[in-house]
Amino acid sequence: MSLIDRIRPHRRDRTGRSREDYYTASQGQLVWQRFRANRTARAALYVLVFFVLCGIFAPFLSPHDPTAAGRNADYTNGAPQIPQFCDATGCSLRPFIHGVERHRGADTNFRWVTRATDERNYVTFLPRGYEYRLLGVIPMDRHLFGVETGFIHIFGTDAQGKDIFSRTMHAIGVSLAVGSAGVLISFGLALVIGGVAGYFGGWIDTVLQALMDTVKTVPTIPLFMAVAAFIPDTWTAEQRFFFISLVLGLLGWGTLARRIRTHVLAERTADYVLAARMSGAGPGHVIRRHLLPSFTSYIIVDLVISFPYMVLAETSLSFIGLGLKDPVNSLGVMLQNVTRVDVLLNYHWYFIPVPIFVAIVLAFVFVGDGLRDAADPYAEKR
Amino acid sequence: MAAFARFLALRFAAAMATMLLVSLIVFSLMELVPGNCAERYIAYKATQGFVVTDADIRAEEVRMGLDRPYLVRWIDWITGVFFRFELGESCLWRVDVGQLIGDKLLISLALAGGALVLTYLVSVPVGIASAALRGGWLDGGLRILSYLGLALPNFLLALAIMLASTIWFGDTLTGLFSEEFRNAPWSWARFADFLSNAWLPILILGWSAMAIQIQTVRALMSDEQGKLYVTAARARGLSGWRLLMRYPARHALGPVVNSVGFDLNRIFNDLPIVAAVLILTEAGALLLEALARSNDQQLAGAIILSMTLAIVALNFVTDVILAVIDPRIRKGFFA
């Protein structure tokens, strides 16, 4: 038995493949195999893909326009309407909800109340609804589900009568987009700063390291707040969106830059780098073509791990009213008013988006952990 | 002894350098935001019915020294902070920032400090126990809890607790003082009232730091437990808590001491938002107000600088403590 066989005897036995497959596999294949063996991480990946698809196809999935344009003025602060098959008058094969009406009379002390009627409102699939552009290009007006007449609110409505389910779907998309933009910006900065610090070393490294440490020392959320507070009120929702992503990216690169610096520092004295330099390659070429590919997998892992922090930072900022604002939906925007006592006491469906977001963040954390364990295919499994 | 003094001096200089850099970053950010202090003050006066001209703004800028170059003003600000302990004058209220935030900053620091103490009181023993009982149901439960600590940010936890408490007890658990003590001067009764209300914010502030720290202690202890010196100690007949505390724990807790500063950072991060949820007008909410509502850059800069100062000071102290309690380093100093 050779030494290598003794180090990794199980893999070959369990999968039953020939050992050539294992030794000739690309790094991507090795990472994927190890990742697949981790059941938690695999389940988390499915959850994550599901939510990403939810975010991308949000307009198709949501029955109503999530902005004020799609509000149901007759059903404000309305409870969730769960489609049912049976009611007092019997059962049907098609799911339905009950209609609602606005009512005022002596029995309600002459105040307007919303109450359910006995009339059945059947759920339909692929009905025509408000117009939107799928993936931002394809004009469509079909939605996954709806009802024959009027509105269906499976997560209830908010104070203005906006559909919470539609808002949640759109919020998932927005949060993922803000996170992606923030991660990309901080990734670019981290790559340049960390790469330069690690490659050149010496006083450049010292200065840049001091900078990284400093950026890590300052509490970020108060700093976010300080910067975000000065966004003029006149900015449009899109401008705000890009500015918030930019701020998240500009302040979040410290940890990633340090990791990249450490990698570069460890690799730059390797023989293949020396060979490249002897052949006349410049620093930029060596960093880009030789050093960075040597730890791409680690970079991807770090990006996945830092993603939920971006999403949470955006949520916090929007929650206190400094991030995104109303026509754009994000979890933070949706939670802005929930600390009011009447909401806490009466309108619990405002909190339905919370478990969904906890699930998304958890999925990211588990996928990130799984990738981190898988990214080093030659390491022993711990 | 001389070596120790040199270490102290070097470490102190490094902390000072960090503070200088932080102050430069904060100052630049405050500089970059649209509009300066004079314009803001004059705009405020305009809303109060005064007639304001461009010449007034220029005159106000000269009076506040805003016409001087950027670096000169930074040096002026930073020497004021370091040598005269003056944080500058608030843009809008025209009073010393220190006077404005003093009491509230102390309460914020007390809350953050309480959360920090709670974090370590819980996470160190629990982390050690979790590592010792690796693979058991307790360990599994704690791991799920610490993942939740990542995924359930503090303000969502606060919301969840408020929701549960309004449903079951009819009380939202907000605020830091009861009605009768809100504006009273400090006394023992007020302090006791503060404590009876502060446990919830302290618990919530410590929540994610606690969850992450349990994970860290567990990982460090697991690494140390497999080492040969632990086996050797076991072979000599030590076992149980005695073994854990005498050998692996002393090794594993070094990096934990080092991370206190970052935990304070994490707690400060959550402070303004938790304060907003729990309506703690006395603490981080001032920051929120300074930043969000009044656009007072002088005040905002001062608050961020004091928060960072607390973190840097804590980092300095923990580094020194670590050097003193770690016999390998101590021998080098006091041989």
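Modeller: Start at L205(B). Setting aside neighbours within four places in sequence, L205(B) is in contact with L111(B), A112(B), A115(B), N154(B), I267(B), D270(B), L271(B) and V274(B). Bear in mind that this is a predicted model.

Several of these names return in the largest nonpolar core. That core has 142 residues, and those touching the most other members are F224(A), A112(B), L205(B), I267(B), V274(B) and I304(B). Helix 7 of chain A is the top contributor to this core, giving 15 residues. A second core is separate: it holds 7 residues, among them Y75(A), F96(A), F151(A) and I152(A). As a general point, nonpolar side chains in soluble globular proteins tend to be buried together.

Now the interface. On chain B, 38 residues are in contact with 33 residues of chain A. Six helices of chain B each supply at least two residues to the side that touches chain A: helix 1 (2-32), helix 6 (137-151), helix 7 (154-168), helix 12 (260-277), helix 13 (285-293) and helix 14 (297-325). Helix 12 of chain B gives the most, with 7 residues. By class, that side of chain B has 31 nonpolar residues, 7 polar and no charged.

Chain B as a whole has 15 helices and 0 strands. Of its 335 residues, 35% count as buried. Take the contacts in chain B between residues at least 6 apart in sequence: 73% of them join residues at least 24 apart. Just after helix 9 of chain B comes G237(B), with a positive phi of about 105 degrees.

Next, chain A. Here there are 17 helices and 6 strands. Of the 382 residues of chain A, 37% count as buried. Among chain A contacts with a separation of 6 or more, 70% are between residues 24 or more positions apart. The domain assignment of chain A gives domain 1 (81-152) and domain 2 (167-374). The C-alpha centres of domain 1 and domain 2 of chain A lie 40 Å apart.

Helix 5 (residues 39-56) of chain A meets helix 7 (residues 164-200) of chain A at about 105 degrees, with the axes 7 Å apart. That angle makes helix 5 of chain A roughly perpendicular to helix 7 of chain A. From helix 5 of chain A, the contact uses F51(A), V52(A), C54(A), G55(A) and I56(A). From helix 7 of chain A, it uses M169(A), I172(A), G173(A) and L176(A). The classes in this contact are 7 nonpolar, 2 polar and no charged residues.

Finish with F366(A). This residue sits in helix 17 (residues 353-374) of chain A. F366(A) is buried, because 21 other C-beta atoms lie within 10 Å, and the cut-off for buried is 20 or more. Beyond its neighbours within four places in sequence, F366(A) is in contact with T40(A), A41(A) and A44(A). I154(A) is 212 residues from F366(A) along the chain, and their C-alpha atoms are separated by 29 Å.

Notes: Residues numbered from 1 in each chain as written. Chains lettered and ligands numbered in written order. Predicted model: local features only at pLDDT ≥ 70, side-chain atom pairs only at ≥ 80, totals over all residues. Axes fitted to C-alpha atoms, helices over the stretch in contact; angles between N-to-C directions. Helix = DSSP H or I, 4+ residues; strand = E, 2+ residues; numbered from the N terminus. Parallel < 35°, antiparallel > 145°, perpendicular 65-115°, else oblique. Contact = placed C-beta atoms within 7 Å. Nonpolar A, V, L, I, M, F, W, Y, C, P; charged D, E, K, R; others polar. Domains from an automatic or database assignment. Buried ≥ 20, exposed ≤ 12 C-beta atoms within 10 Å, placed from the backbone. Core = buried A, V, L, I, M, F, W, Y, C linked by C-beta atoms within 7 Å.
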